[in-house]
Amino acid sequence: MGLDKNGIAQRIAQELQNGFYVNLGIGIPTLVANYIPKGIDVEFQSENGMLGMGPFPFEGEESADLINAGKQTITALPGAVFFDSATSFAMIRGQHVHLTVLGAMEVSDQGDIANWKIPGYMVKGMGGAMDLVASAKNIIVAMMHTNKKGESKLLRQCTLPLTGTKCVTKVVTDLAVLEITPKGFLLLERAPGVSVEQIKNATEGRLIIEGDVPEMKL
Amino acid sequence: MALNKVVANAEEAIRGIEDNMTVMFGGFGLSGIPENSIVALRKNGAKGLTCISNNAGVDGFGLGVLLETRQVKKMISSYVGENEEFERQMLSGELEVDLIPQGTLAERCRAAGAGIPAFYTPAGYGTEVALGKEVRWFNGKPHLLEQAFDASFAFVKAWKGDTAGNLVYKGTSRNFNHAMSMAGKVTVAEVEELVEVGELDPNEIHTPGIFIQRIYKGERFEKRIEQRTVRKKEA
């Protein structure tokens, strides 16, 4: 039931618009690059200092001097450019990047996001996530609707340390597409074969259902 | 005449390092880290260092080698995963760790080099990063006051450099190296290729030599890759 990670990425790719500069986070967001719709030109920004990021290199062509923000070896497309970290975050803070897609552990129905720390268990750091969520106008979260224990990740309030407040615009999960509104999660679309009831049961935060909720088209 | 910043080797380049200093290291992950200066610091044995670096290296490479010898008192970083010794020292309380947003880290370096003592940024508002920081609203949005770093040394790495300290980086290895080169009271650049002045095209220099006090050709560059990801060639 519901979408797999590639399905979530495929649905998010439908949000790409011609001419967008896009920053993709680690995990499901990275997969979005595999589903760019035909006729849409976008350029990927990697916050460690490049625009025009291409696919992984062929075996034997990888370089320690060419990595993405997840430290994976990558390639540069024609028209690519490298720059330093301060310039990179000027692009981000200055809102020159049109769309940010990132993963999350929790999202609240006011658009708060938690994705960098589990006290006493995981302390790796926020990397560029706090800068991205504080400044970007258009932030889509890609994640599973529930955690491994089956608990909702779409909450009334986040319980984990926050990455940013009132910043997420949309959430795409294995079950649904939801928009953050002042009154809570507005259910826009259901994943194929998923009922409104199932989404209700998996959502702890305030859920708004208006009329018939269409199924996603993938 | 162009100034000559060349020193013979890493040992000479780190001269003046003392216990308890605050020191910057360029690099993102293991890309563009000043490997040779790090090895020299390990041999030197200076202790109690506060290290400003986006990441903390891995076990046995990069800043990981200074963690092994307990030379680091405090790390200021944005992301510190993938290092078991780091995690052990942090959880046991041997190592102080200050995690800060990556863009704030970069800007605190840039500001230090640009004579800007502090600045406001929206990053971290409403999170634990904001604790104890002044909040001010601009254009209807809350911002945190962040201060420029104060570092005695900055260690950076470039692809090519000339004897006057002008630097050119390769690919994404530029990362924090440029802003940190501006920020150090003494900035030490290690390069893969050291050339005479006039050999680099002035139009294509990334870091002007004015920010560099010492430059040397690194003895050995391992340039380890942290996450080797490749695709297969279609037959």
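This is a predicted model: local features need pLDDT of at least 70, side-chain atom pairs count only at pLDDT 80 or more; totals for chains, interfaces and linings use all residues.
Me: What is the radius of gyration of chain A, and what does the globule rule give for 218 residues?

Reply: The radius of gyration is taken over C-alpha atoms, and the globule rule is 2.2 Å times the number of residues to the power 0.38. Chain A has a radius of gyration of 17 Å, close to the 17 Å that the rule gives for 218 residues, so chain A is as compact as a globular protein of that length. For chain B, with 235 residues, a compact globule would have a value near 18 Å, and the 18 Å of chain B agrees with that. Along its principal axes, the C-alpha trace of chain A spans about 50 × 40 × 30 Å, and that of chain B about 55 × 50 × 40 Å.

Me: Which share of the residues in each chain is buried?

Reply: A residue is buried under 20% relative accessible area, exposed over 50%, and partly exposed in between, with a 1.4 Å probe and protein chains only. Buried residues make up 56% of the 218 residues in chain A, and 56% of the 235 residues of chain B also count as buried.

Me: Where do the charges of each chain lie?

Reply: Lys and Arg count as positive and Asp and Glu as negative, while His and the chain ends are not counted; the place of a charge is taken as NZ of Lys, CZ of Arg, CG of Asp or CD of Glu. Chain A has 19 positive and 23 negative side chains, with the centres of the two sets 7 Å apart, whereas chain B has 28 positive and 31 negative side chains, with the two centres 2 Å apart.

Me: How many residues of each chain take part in the contact, and what area is buried between chain A and chain B?

Reply: The size of an interface is often given as the accessible area lost when the parts come together. Buried area is the accessible area (1.4 Å probe) that two parts lose on being put together, summed over both. Here the contact takes 46 residues from chain A and 51 residues from chain B, and the area buried between them is about 4,100 Å², of which carbon and sulfur atoms give 58%. On the side of chain A, A:Asp65, A:Lys71 and A:Lys124 supply 19% of the area that chain A buries against chain B, more than any other three residues.

Me: Where is A:Lys71 found, and is A:Lys71 buried or exposed?

Reply: A:Lys71 is found in the loop between strand 3 (50–54) and strand 4 (75–82) of chain A, and at 5% relative accessibility A:Lys71 counts as buried. Its phi is near 70 degrees, a positive value in a residue other than glycine. A:Gln72 lies in the loop between strand 3 and strand 4 as well, and, leaving aside its neighbours within four places in sequence, A:Gln72 is in contact with A:Phe56, A:Leu66, A:Ile67, B:Gln227 and B:Thr229.

Me: Is B:Asn139 buried or exposed?

Reply: B:Asn139 counts as exposed, at 84% relative accessibility. The place of B:Asn139 is in the loop between strand 6 (135–138) and strand 7 (141–147) of chain B, and B:Asn139 has a positive phi of about 50 degrees although it is not a glycine.

Me: What is A:Ser135 in contact with?

Reply: Leaving aside its neighbours within four places in sequence, A:Ser135 is in contact with A:Ile92, A:Arg93, A:Gln95, B:Pro122 and B:Lys141. A:Ser135 is found in helix 4 (residues 129–135) of chain A, and A:Ser135 is buried, with a relative accessible area of 2%.

Key: Residues are numbered from 1 along each chain as its sequence is written. Chains are lettered from A and ligands numbered from 1 in the order in which they are written. Side-chain values use heavy atoms; hydrogens and water are left out. Contact means heavy atoms within 4.5 Å. Helices (H or I, at least four residues) and strands (E, at least two) are DSSP runs, numbered from the N terminus.
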